[in-house]
Amino acid sequence: MVKSRHYLASANTSAGFVNYFDYVLRDAQRVYIIKGGPGTGKSTFMRLIGEELLKEGMNVDFVHCSADKDSLDAIVINDINVVIVDGTAPHVIDPKYPGAVERLLDFGEYWDIDYLRSRRDIIKFYIDEIENQYKAFFKHLRVAKSIHDKWEKEYLKGMDFNKANEITDRLIDEVIKGCTHKKPKEWHRFAGAMTPQGQVCYYDNLTQDIKNRYIVKGRPGTGKSTMTKKIAQAALNKGYDVEFYHCAFDPSSIDMIIIRELDFALLDGTAPHVFEPELDDKVVDMFTCIDTNIVHENEDPIKAIEREYAEEINKAKKIYTNIKQLHDELEKYYINAMDFNNVNALRIRITKTLIEMYNTMSSKGV
């Protein structure tokens with residue numbers, strides 16, 4: 001059994017910043033919300049706790065940050081229904097049931113406030129510049145989305161929707177067996193995202209224990225996401241729990257669904273998250289629904305649109321890289337102002353508490 005799963009709960013998309021932290025927190029009986037600025041050790045704090053709990057035999061989800069592939073936004077300790085989460089912007093999280101469920105961990109208590117105030121102007125410069133750069137970044141993503149829409153329309157001209165529906169109906173009949181007679185649950189997440197350090201994707205980790213993997217191939221506008229949504233809805237209608245993994249470029253689209261009760265995953269294996277089928281995987285080729293007498297993908301206007309899209313995405317990527325560099329410079333001031341001894345002492349105390357919770361529940365057979 002997989003002990004750790006990796007995914008994202010938020011992403012910087014063409015629709016702006018989108019997050020699904022409600023699903024991360026939904027089942028938690030205890031939540032630690034960390035507050036503090038950049039460079040205060042929030043991600044390291046969570047990572048070290050998660051790794052220690054893995055060694056103790058617990059199941060831990062690592063929720064990654066789309067603005068820095070090496071950082072975490074949260075960990076979920078499934079065995080004891082505990083979440084530790086970064087509650088600072090852009091995904092601000094505040095207590096709903098203070099004390100009863102949530103506990104605030106204010107890393108700002110460990111700052112040398114005089115040091116930060118003495119560097120007020122440079123800190124304000126970096127924060128304001130990052131904000132301005134994000135505006136330009138999102139502008140390029142919105143333009144890229146409009147170009148992608150044009151790209152899709154070219155393929156839609158030759159799309160056989162009846163054939164696409166036949167493929168979808170056949171898959172539903174093949175996969176969705178029986179009925180659970182329970183109220184289903186659904187989760188919404190991202191399996192990957194564009195980060196300043198490049199594209200990340202956790203398909204392998206999320207599906208490594210799934211026996212029935214279906215890899216969808218196709219082009220923009222060939223109905224991959226629509227088919228995935230229909231299969232997911234059919235599963236929900238039969239009472240099966242479904243994990244939805246949204247597209248980090250267009251969050252209205254679905255890149256993957258996992259139905260663990262059916263040992264089933266359906267994922268979009270096309271760029272930018274190319275995933276090639278392994279021996280036991282099945283391929284669903286949606287390009288077979290395209291009339292190539294109508295759609296000439298190796299000619300203009302499709303090739304021209306493809307180039308235009310790539311140019312706009314590359315502009316966004318360059319700005320994203322610059323944002324990360326600015327953020328790294330900003331972090332240095334907070335790192336210099338932090339008393340990490342207190343952070344480490346807090347981490348040790350919380351880790352001990354969580355291990356005791358796990359041992360108590362295990363001894364009771366919970």
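Q: How many positive and negative side chains does the chain have, and how far apart do the centres of the two sets lie?
A: In this predicted model, the chain carries 50 positive and 57 negative side chains. The centres of these two sets are 2 Å apart.

Q: Why is Gln-133 called buried?
A: The relative accessible area of Gln-133 is 16%. Buried means under 20%, so Gln-133, at 16%, is buried. This residue is found in helix H4, which covers residues 120-156.

Q: Which residues does Gln-133 touch, not counting those up to four places away in sequence?
A: Gln-133 touches Ile-319, Asn-322, Ile-323 and Leu-326. A contact requires heavy atoms within 4.5 Å.

Q: What share of the residues of the chain count as buried?
A: Of the 366 residues, 52% count as buried. The accessible surface of the chain comes to about 18000 Å², and carbon and sulfur atoms account for 49% of that surface.

Q: Among contacts between residues at least 6 apart in sequence, what percentage join residues at least 24 apart?
A: In the chain, 80% of such contacts join residues at least 24 apart.

Terms used. Residues numbered from 1 in each chain as written. Predicted model: local features only at pLDDT ≥ 70, side-chain atom pairs only at ≥ 80, totals over all residues. Heavy atoms only, no water. Buried < 20%, exposed > 50% of the residue type's maximum accessible area, 1.4 Å probe, protein only. Areas by Shrake-Rupley, 256 points an atom, 1.4 Å probe, with all protein chains shown as cover. Lys, Arg positive; Asp, Glu negative; His and termini not counted. Charge placed at Lys NZ, Arg CZ, Asp CG, Glu CD. Helix = DSSP H or I, 4+ residues; strand = E, 2+ residues; numbered from the N terminus.
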